[in-house]
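Subject: Structure handover

Hello,

Please find the structure below. My notes on what was found in it follow.

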Amino acid sequence: MRGRPHRVTMDVSAQVKQQLIRQSAGSKRYEVEHRTEATDPDDRRLALLMHAAFFLLLGASLTRFLLRHPGEDRTLWIIALSVALAALYLLGPALGSRPTPRRLARLGVLVAVWMVLVVLAPSFAWCAVPLFYTGLRLLPPRAAFALVALLTVFVVAAQLRLAHGFDPNLVLAPPAVAATATAVFVHMQRQGVRQRELIDDLLRTRRELAATERREGTLAERQRLSMEIHDTLAQGLSSQQMLLQAADRTWEADPATARRHVRTATGIAERNLAEARRFVHDLAPADLAEGGGLEAALRALATRETAQAQGLLTVRCHVEGTPHAALPERVQSALLRIAQGALANVKEHADATEAALTLTHLDDRTVLDIADNGRGFTPPAPTALRPAAGVRGHGVPAMRARLHQLGGTLTIESAPGDGTVVSAEVPLPVPSSSPAPSPSPEEPS
C-alpha cells in the first residue's frame with residue numbers, strides 16, 4: 001500500500017510530460033505555419049487579393065442597398081456600420097497574420113459588426129468570403145472552423161431572406177462553398193508547412209554534409225601531414241641520430257671518420273631544412289623541384305643515399321621503358337616519397353649492403369621496385385592504412401595510403417634471410433580515343 005502514492009505520482013508526472021511534449025510540438029508547428037505565411041510571397045499576394053475582394057464586396061453591398069432602399073431610416077446606420085466595418089478590417093486583422101490579443105479582439109468586433117449589418121441588410125452576407133480567409137489565417141484550427149460555421153449560418157439565413165421563400169439550393173450551396181474553401185485553404189497551408197519543413201531539413205542536411213566534409217578534409221590533411229613529416233623530417237632526424245652516434249663512438253679512436261659522420265649529418269640537416277621549407281609552403285619535394293622529372297630525382301636519391309652510407313650501402317637506380325611525358329606530379333611525388341621511405345627502412349632495419357631502385361614505365365601503369373639483399377622479414381597483412389596502436393612503424397601504412405589515394409597498389413615480397421622487394425604500382429589515365437566514324441549508307445551498321 002505504501003507504493004501506490006508513489007506510483008500515482010509517477011503516472012501523473014508522465015502525463016504532464018507527455019502533455020508538455022504535445023504542447024511543444026503544437027507550438028512549434030504553429031510557429032512554422034505562421035513563419036511560412038510571413039515569408040511566403042504567394043501568401044502575401046493572396047492576402048492582398050482577399051483584402052481587395054473584401055472592400056469590393058463591401059462597396060458593392062452598400063451600393064446595392066442604397067439603390068434598392070433609398071431614403072429609409074436605417075440608411076444612416078447602414079452607412080455608419082459599413083464605414084466602421086471597413087475601418088475595423090483595415091486596422092485589425094488585415095495588417096498581419098500573427099494572432100495577438102488586440103488583433104483577435106478586433107476580429108471579434110469585426111465579426112459582430114458584420115452580423116449586425118447582415119441582420120439589417122442581408123446583401124452584406126457576401127463579405128463573409130474574405131472573413132473566412134481572415135479567420136482561417138488568424139485563429140487556431142478549431143476556433144477557425146467554428147467561426148466559418150457561424151458565418152455560413154448567417155449567409156444561409158441572409159440568402160433565404162432575400163429569396164422570400166425556401167430554396168434548397170440556398171441552404172446547401174453556402175455550406176458546400178464554405179467547406180470547399182476551408183478545405184482548400186487548410187490543404188494549401190499544410191502544404192506550405194511541409195515545404196518549409198522540407199526546406200529546413202535540406203538546409204540542415206546541407207550544413208551537416210558541409211561539416212562532415214570539413215571533418216573528412218581535416219582528417220585527410222592530418223594524414224597527409226603525418227606522411228610528409230615521416231618521409232622527410234623523421235627519416236632525416238633518424239639518419240642524423242645514427243650518424244652522430246657513430247661519430248660519438250669513433251671520436252677518440254678515429255677522429256677523421258667521426259668528422260666525416262658529422263659532415264654527413266650536417267648535409268642531411270641542410271637537406272631536411274630545404275624539405276621543411278618546401279613542406280611549409282606546400283611545394284613539391286626538393287629533388288623534383290630541381291628539374292629533370294622522376295627519373296632524375298630517383299638517381300639523385302640513390303647517389304645521395306650511397307654517399308651518406310659511407311660504404312655500408314650501395315644504391316643503384318634503373319629506368320626501364322619510355323618515360324611518360326605527362327606523368328602527373330602527384331604520382332611523381334608519391335613514388336619519390338615511397339622510395340625515400342623504403343630506403344629509410346632498408347638503412348634502419350635490413351642490414352643490407354646493396355639496394356636497387358627500378359622504375360618501369362608501361363603503357364597503362366608505372367611501377368617502382370625497391371629491392372635489397374638484407375635480412376628480410378615477414379610482411380604484415382595489407383589491410384590497414386594506419387599503423388596499429390603501439391606499433392612504431394609508420395612507413396608501410398603511409399606508402400599504402402599514398403597509393404590508395406592514387407588508385408594504386410603496394411606489394412611487399414620478403415622472407416627472413418632472403419631480402420625484400422617493395423613494389424609500388426600506379427595506374428595511368430587512359431587517353432580518350434577518337435569517336436568511331438559513322439557507317440556509310442552502303443555499309444551495314
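**The sheet and its helices**

Five strands make up an open sheet of mixed pairing, ordered β1-β2-β3-β5-β4. Helices (H or I, at least four residues) and strands (E, at least two) are DSSP runs, numbered from the N terminus, and two strands pair if DSSP finds at least two bridges between them. The edges are taken by β1 (314-320) and β4 (409-414); each has a single partner strand, so one side of each lacks a neighbour in the sheet. From one strand to the next, the twist averages 10°.

This is a predicted model, in which local features need pLDDT of at least 70 and side-chain atom pairs count only at pLDDT 80 or more, while totals for chains, interfaces and linings use all residues. Residues are numbered from 1 along each chain as its sequence is written, and side-chain values use heavy atoms, with hydrogens and water left out.

Strands β2 (residues 354-361) and β3 (residues 365-372) run antiparallel and are joined by seven bridges. L359 has L368 in β3 as its bridge partner.

Helix α11 (residues 329-350) lies across β1, β2, β3 and β5 (420-427), at about 10° to β3. Helix α12 (residues 395-405) also packs on the sheet, touching β4 and β5, and its direction makes about 145° with that of β4. Contact means heavy atoms within 4.5 Å; axes are lines fitted to C-alpha atoms, for helices over the stretch in contact, and angles run from 0 to 180 degrees between N-to-C directions.

**Burial**

α12 is largely enclosed by the rest of the structure, because nine of its 11 residues are buried. Buried means under 20% relative accessible area, exposed over 50%, and partly exposed in between (1.4 Å probe, protein chains only). Among the buried residues of α12 are P397, M399, R400 and R402. After α12 comes G407, with a positive phi near 80°.

E329, in helix α11, counts as exposed at 67% relative accessibility.

**A nonpolar patch**

L66, L76, I79 and V83 make a nonpolar surface patch of about 360 Å². Patch residues have over 30% relative accessible area and no salt bridge; like charges are joined within 9 Å, nonpolar side chains (Val, Leu, Ile, Met, Phe, Trp, Tyr) within 5 Å. A salt bridge is a side-chain nitrogen of Lys or Arg within 4 Å of a carboxyl oxygen of Asp or Glu. Helix α3 (residues 75-91) gives the largest share, three residues. L66 lies in helix α2 (residues 41-68) and is partly exposed at 33% relative accessibility.

Regards

Note on methods
Accessible areas come from the Shrake-Rupley method with a 1.4 Å probe; for residues, only the protein chains shown count as cover.
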